Amino acid sequence: FVAETAAALCLSGAYRAAGDRMWQWLTLLFALLPCALVQLSLVFIHRDVSRDRPLVLLLHLLQLGPLVRCVEVFYIYFRAGRVEEPYVSITKKRQMPKDGYSEEIEKEVGQAEGKLCTHRSAFSRASVIQAFLGSAPQLTLQLYICVLQQEITAARSIFMVLSLLSIVYGALRCNILAIKIKYDDYDVSVKPAAYLCIFMWRSFEIATRVTVLVLFSSVLQIWTLPVVLVNFFGFFFYPWILFWQSKSPFPENIEKALSRVGTTIVLCLLTFLYAGINMFCWSAVQVKLNDPDLINKSQNWYRLTVYYMLRFIENAFLLLMWYIYKTDIYLYVCAPLLVLQLLIGYCMAVLFMLVFYQFCHPCKKLFSSSISEGLLSCFKFLCFICKPPRSTVLMDKAEVKSENTDEARSSSKTIDSQKGNPHQSVSSNA
């Protein structure tokens, strides 16, 4: 957070010195907007508004909330265990099933540990907001500037590397959050191989997606806005459409202190973040507004398959448009090789995703069906849709069969009549 904000401020100052006012203000906008949303999320999760903490609120207004939270976390951590806590809470978690059996474990959670868990949860959500509402647009903007100016400076390259790492880390946290929310009753431990698979999966997916968007926008600036708006508003309104179709009552149990207007604003911000994530990569957390936890906890392989198929088709189409309308700035670029590399990169992302869900997912024993079985059923369903209806095929076969039987009957009648009246047959032959 600190490194990316400092790099954004330095780079905006460089743009101002060079006279590029538009790039300066866009860089500042993509740096300060997620920073403000991070402060808002930290205040909301820790409920600072309802507490008497004016200094903390002032520091959040000065955009110093994450630093204050870090100091508070270290203070709680180093003081933990020195003073006996007045009370502890007991949590019950189930272990992963072994040989078909799952044991339940009780664990005492002290007051300090509970506060640390709250801070960790808040920072995880803040990192997701920082990644997809700040770092992702920032990386796209800086790469677009590099393409237009045909120059990659040291400051810009460092800033792009920081932004890419921030996005990948935010996507990784999003995956871990989804696992812990869906399997909240179990004691989940993520192994290093799972972290590695997620890191490679998200790196390939986000890098190829950003590059495709930049290439397309560099040659067809007019059509960039419609593509972005259709993607964003499609994912933004999708949870609301499902909510209206379910005819469920408006959710009231998000926060007791919130009014109906406040609840609506929180839900809009949640779907806004959901749309921002899906613009660049698959969001492991699926928003479900008619659920008390606002999260769809079922594992839907169909939605995952449809997303990656449509996204691959969209990337291929955008690359085709770039290849057709590319300008002279790509004169020394081997366009077919670049297109092939980007498509292979996206396929590599899908491959690492399949490896993660098939072999490295910490809760794969709880799946009702594996990823391979789910994809196989998806492909069977798609093939069934593409095939003509069986009823029409049977009707065609029945019509052909009836025509053949009618011809056979008519021919048999002719033969029988000829056998019954030989003189007639001779005369007819004559």
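This is a predicted model: local features need pLDDT of at least 70, side-chain atom pairs count only at pLDDT 80 or more; totals for chains, interfaces and linings use all residues.
1. **Geometry of α7 and α11.** Helix α7 spans residues 192-219, and helix α11 spans residues 335-360. Their axes come within 8 Å. The crossing angle is roughly 155 degrees. Angles over 145 degrees count as roughly antiparallel, and α7 and α11 are therefore roughly antiparallel to each other. The crossing of α7 past α11 is left-handed.

2. **Residues between α7 and α11.** On the α7 side, the contact uses A193, A194, C197, I198, M200, W201, F204, E205, T208, T211, V212 and L215. On the α11 side, it uses L338, L342, G345, Y346, M348, A349, F352, M353, V355, F356, Y357 and C360. By class, the contact of α7 with α11 has 20 nonpolar residues, three polar and one charged.

3. **Salt bridges, overall.** Side chains of opposite charge can pair when their charged atoms come close. How many salt bridges does a search of the whole structure find? The count is four.

4. **R69 and E72.** These two side chains form a salt bridge, with an N to O distance of 3.4 Å. Both residues sit in helix α4, which covers residues 65-79. They are three residues apart, so about one helical turn separates them. R69 has a relative accessible area of 1%. Buried means under 20%, so R69 is buried.

5. **R209 and E314.** A salt bridge joins this pair, and the closest N and O atoms are 3.5 Å apart. R209 belongs to helix α7, whereas E314 belongs to helix α10 (residues 301-325). The bridge therefore ties together parts that lie 105 residues apart in sequence.

6. **R311 and E314.** Here the salt bridge has an N to O distance of 2.4 Å. The two residues are three apart in helix α10, so about one helical turn lies between them. R311 is buried, with a relative accessible area of 4%. Which residues do salt bridges with shared partners join into one network? They are R209, R311 and E314.

7. **Surroundings of E314.** Leaving out residues up to four places away in sequence, E314 touches R209, V227 and N231.

8. **Geometry of α8 and α9.** Two packed helices are described by the angle between their axes and the distance between the axes. Helix α8 (residues 221-246) and helix α9 (residues 260-280) have axes that come within 8 Å. These axes cross at roughly 135 degrees. That angle makes α8 oblique to α9. The crossing of this pair is right-handed.

9. **Residues between α8 and α9.** The contact of α8 with α9 holds 13 nonpolar and four polar residues. It has no charged residues.

Note on methods. Residues are numbered from 1 along each chain as its sequence is written. Side-chain values use heavy atoms; hydrogens and water are left out. Axes are lines fitted to C-alpha atoms, for helices over the stretch in contact, and angles run from 0 to 180 degrees between N-to-C directions. Helices (H or I, at least four residues) and strands (E, at least two) are DSSP runs, numbered from the N terminus. Angles under 35 degrees count as roughly parallel, over 145 as roughly antiparallel, 65 to 115 as roughly perpendicular and the rest as oblique. A crossing is left-handed if the near helix is turned anticlockwise from the far one by less than a right angle, and right-handed if clockwise. Contact means heavy atoms within 4.5 Å. Ala, Val, Leu, Ile, Met, Phe, Trp, Tyr, Cys and Pro count as nonpolar, Asp, Glu, Lys and Arg as charged, and the others, Gly among them, as polar. Buried means under 20% relative accessible area, exposed over 50%, partly exposed in between (1.4 Å probe, protein chains only).
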